[in-house]
Amino acid sequence: MRIDLNGAPIETRARTLQDLIEEHGFAAAAVATAVNGSFIPRTARGTATLSEGARVEVLSPMQGG
């Protein structure tokens, strides 16, 4: 299925947000996630299903100042 991940169109076989995080090698404990503009808590990623055209954001904390 085609989705947008961090603003870029991609093809994925992931059916849940958790699957997508694992598929792309994100450090699950260190990222914040949103689907279609709605924050998804870490505990809900395994049940947050993805659909064609979903807009997914995976954000990592940045160091600096």
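Me: Ground rule before we start: two strands count as paired if DSSP finds at least two bridges between them. With that in hand, what stands opposite alanine 32 in S5?

Reply: Leucine 59 does. Keep in mind that this is a predicted model.

Me: Noted. In which sense do S3 and S5 pair, and over how many bridges?

Reply: Antiparallel, over 4 bridges. Strand S3 covers 32-35, and strand S5 covers 55-59.

Me: And S3 with S4: how many bridges there?

Reply: S3 and S4 share 3 bridges, also in the antiparallel sense. Within that pairing, valine 35 stands opposite serine 38 in S4.

Me: How many residues sit between the strands of that hairpin?

Reply: The hairpin of S3 and S4 has 2 residues between the strands. Asparagine 36 takes a positive phi there, near 50°.

Me: Is asparagine 36 buried, partly exposed or exposed?

Reply: Asparagine 36 has a relative accessible area of 39%, so it counts as partly exposed. It is not a glycine, despite that positive phi.

Me: Let's look at the S2 side. How do S1 and S2 run?

Reply: They run antiparallel, and 4 bridges join them. S1 covers residues 2-5. As one example, isoleucine 3 has isoleucine 10 in S2 as its bridge partner.

Me: New topic, charges. How many salt bridges are there?

Reply: The count comes to 1.

Me: Which side chains make it?

Reply: Glutamate 11 and arginine 2. The N to O distance is 3.4 Å. The salt-bridge rule asks for a nitrogen to oxygen distance within 4 Å. Side chains of opposite charge can pair when their charged atoms come close.

Me: Are those two buried or exposed?

Reply: Glutamate 11 has 52% relative accessibility, so it counts as exposed. Arginine 2 is at 39%, so it counts as partly exposed.

Me: What about arginine 45? Where is it found?

Reply: Arginine 45 is in the loop between S4 and strand S5. It is buried, yet it has no salt bridge.

Me: How far away is the nearest side chain of opposite charge?

Reply: That is glutamate 22, and it is 9.1 Å away.

Me: Then which backbone oxygens does the arginine 45 side chain reach?

Reply: It reaches the backbone oxygen of alanine 28 at 2.7 Å. It also reaches the backbone oxygen of valine 31, at 2.7 Å.

Me: Which residues is arginine 45 in contact with, leaving aside neighbours within four places in sequence?

Reply: Its contacts include Thr16, Leu17, Gln18 and Ile21. Ala28, Val31, Ala32, Thr33 and Ile40 are on the list too.

Me: Why does threonine 16 count as buried?

Reply: Because its relative accessibility is 13%, and buried means under 20%. Not counting residues up to four places away in sequence, threonine 16 touches Arg45, Gly46, Ala48, Thr49 and Leu50.

Me: Last one: the start of the chain. Is methionine 1 buried or exposed?

Reply: Methionine 1 has a relative accessible area of 17%, so it is buried. It is found in the segment before S1.

Me: What does methionine 1 touch?

Reply: Setting aside residues up to four places away in sequence, methionine 1 touches Ile10, Glu11, Thr12, Ala14 and Arg15, among others. Leu50, Ser51 and Glu52 are also among its partners.

Me: How far apart are the C-alpha atoms of methionine 1 and glutamate 11?

Reply: They are separated by 5.5 Å, while the two residues are 10 residues apart along the chain. Glutamate 11 is also the salt-bridge partner of arginine 2.

Conventions
Residues numbered from 1 in each chain as written. Predicted model: local features only at pLDDT ≥ 70, side-chain atom pairs only at ≥ 80, totals over all residues. Heavy atoms only, no water. Buried < 20%, exposed > 50% of the residue type's maximum accessible area, 1.4 Å probe, protein only. Lys, Arg positive; Asp, Glu negative; His and termini not counted. Polar contact = N/O pair within 3.5 Å; in protein donor to acceptor, adjacent residues only side chain to side chain. Contact = heavy atoms within 4.5 Å.
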